[in-house]
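The following exercises are to be worked through with the model at hand. Each task is followed by a solution in steps.

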Amino acid sequence: MRTIKIYDRDDLIEISFDDIKKYHGYAAYMALGVGFRVVEAAFEALYGDEIPNRKDISILSGHGGPGFRDVFEFVTRAKTRGVYNVDVNYPKAQYDPYRPTGYAYVFTKESGESVEVLLKEDFLPPIFYDYLKKGRENDFTPEEYEDNERLKQELGNRAYEMPVEDLLIINRLK
């Protein structure tokens, strides 16, 4: 089982995907799988083999949803520390046809080094966005609701398992 390693002060913490599911639950399961991989990719790009410390990381998220927020908070405590910001108008990875929301995440070290991690456009099928809209409007049929729950779990598991280069685009900014 893969884990994300991070220091909280001098204490080494290892966080698994199962730990994140216990923290968040299953409501935004797709975001949990993608978010876990975003953190892995950002840490690899910024730190290489070095293990980061929570106090060194700030995050800008183009997505305001609870799944991504909970992954980032559980791993980095960025929201609690006041260094987690959401900008749904971030100009990249704007794939939702119904509203501004970006599948783009910028992780920055205290030194100013930063990396941008983008979800690839073809990962989420069009029906995913239709279901998000239906959820916001409370307009699901029972069948659609069940299909949406299945789809979120399938996408979350696929994101967790697939090669990172097939899921994400990583750009060094500074």
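**Exercise 1.** Determine how α1 and α2 are oriented to each other, and which residues make the contact.

*Solution.* Step 1: the axes of α1 (residues 17-24) and α2 (29-47) come within 11 Å and cross at roughly 140 degrees. Axes are lines fitted to C-alpha atoms, for helices over the stretch in contact, and angles run from 0 to 180 degrees between N-to-C directions. Helices (H or I, at least four residues) and strands (E, at least two) are DSSP runs, numbered from the N terminus.

Step 2: α1 and α2 are therefore oblique to each other, given that angles under 35 degrees count as roughly parallel, over 145 as roughly antiparallel, 65 to 115 as roughly perpendicular and the rest as oblique.

Step 3: Phe17, Ile20, Lys21 and His24 of α1 meet Tyr29, Leu32, Gly33 and Phe36 of α2 in this contact, where contact means heavy atoms within 4.5 Å.

The model is predicted: local features need pLDDT of at least 70, side-chain atom pairs count only at pLDDT 80 or more, and totals for chains, interfaces and linings use all residues. Residues are numbered from 1 along each chain as its sequence is written, and side-chain values use heavy atoms, with hydrogens and water left out.

**Exercise 2.** Explain why the buried residues of α1 lie on the same side, and state what covers them.

*Solution.* Step 1: the buried residues in α1 are Phe17, Ile20, Lys21 and His24. Buried means under 20% relative accessible area, exposed over 50%, partly exposed in between (1.4 Å probe, protein chains only).

Step 2: they lie on the same side of α1 because they cover an arc of only 100 degrees around the axis, taken from the directions from the helix axis to the C-beta atoms.

Step 3: their cover includes β2 (11-16), α2, α3 (66-76) and α5 (142-161).

Step 4: just after α1, Gly25 has a positive phi of about 95 degrees.

**Exercise 3.** Classify Thr101, Arg77 and Asn138 as buried, partly exposed or exposed.

*Solution.* Step 1: Thr101, in the loop between β4 (84-86) and β5 (104-109), has a relative accessible area of 2% and is therefore buried. Beyond its neighbours within four places in sequence, the contacts of Thr101 include Gly62, His63 and Tyr95.

Step 2: Arg77 lies in the loop between α3 and β4. With a relative accessible area of 32%, Arg77 is partly exposed. Its phi is near 60 degrees, a positive value in a residue other than glycine.

Step 3: Asn138 belongs to the loop between α4 (126-136) and α5. Its relative accessibility of 72% makes Asn138 exposed.
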